[in-house]
Amino acid sequence: MKEQKKQDAVDESMTLEEAFRQLDGVVERLESREITLEESFKVYQSGMNLLKTCNDKIDRVEKKMLLMDEDGGLREF
């Protein structure tokens, strides 16, 4: 079980672009006619973990973004 969690873990140091590329690979594998049902569940779960990582990274970036106010100053939103 511990081995499975290690395989399912997503590398948190990967960039958002790398995660999106991996998600593209997941979609391609799921669309393949040569994938077994059992493997498709594993690939799907891996994709969901990647998607969660992407969402977390986007949320962090959004929180760091700044808004410019009327006076030209910057403030976080």
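Predicted model: local features only at pLDDT ≥ 70, side-chain atom pairs only at ≥ 80, totals over all residues.
The chain has three helices and two strands. Walk along from the N terminus and the elements come in the order α-α-α-β-β. There are 77 residues in the chain, and 18% of them are buried. The accessible surface comes to about 6,700 Å², with 53% of that belonging to carbon and sulfur atoms. And if you take contacts between residues at least 6 apart in sequence, 45% of them join residues at least 24 apart.

Now, α3 itself. The helix covers residues 37-64. How far apart are its end C-alpha atoms? They are 41 Å apart, and 28 residues at 1.5 Å a residue should span 40 Å, so the two values agree.

Let's look at which side chains of α3 are tucked away. The buried residues of this helix are S40, V43, G47, L50, T53, C54 and K57. An α-helix has 3.6 residues a turn, so residues three or four places apart point the same way. As for what lies over the buried residues of α3, the cover includes α2, residues 16-31.

The largest nonpolar core has eight residues: M14, A19, L23, V26, I35, V43, L50 and C54. Which elements give two or more residues to this core? Those are α2 and α3. Let me pick out one member, I35. Leaving aside residues up to four places away in sequence, I35 touches R29, L30, S40 and V43.

The largest share of the patch, three residues, comes from α3.

Next, charges. How many salt bridges are there? The count is two. One of them joins the side chains of R29 and E39, with N to O at 2.0 Å. R29 sits in α2 and E39 in α3, so this pair ties together parts that are 10 residues apart in sequence. Both partners are partly exposed: R29 has 41% relative accessibility, and E39 has 30%.

The other bridge pairs D56 with K52, and their closest N and O atoms are 3.0 Å apart. Both residues lie in α3, four residues apart, so about one helical turn separates them. D56 counts as partly exposed too, because its relative accessibility is 28%.

M65 has its place in the loop between α3 and β1, which is residues 66-68. With a relative accessible area of 42%, M65 is partly exposed. M65 and R75 are 10 residues apart in sequence, and their C-alpha atoms are 8.6 Å apart in space.

Methods
Residues numbered from 1 in each chain as written. Heavy atoms only, no water. Expected span 1.5 Å × (residues − 1). Buried < 20%, exposed > 50% of the residue type's maximum accessible area, 1.4 Å probe, protein only. Contact = heavy atoms within 4.5 Å. Areas by Shrake-Rupley, 256 points an atom, 1.4 Å probe, with all protein chains shown as cover. Core = buried A, V, L, I, M, F, W, Y, C linked by side-chain atoms within 4.5 Å. Salt bridge = Lys/Arg side-chain N within 4 Å of Asp/Glu carboxyl O.
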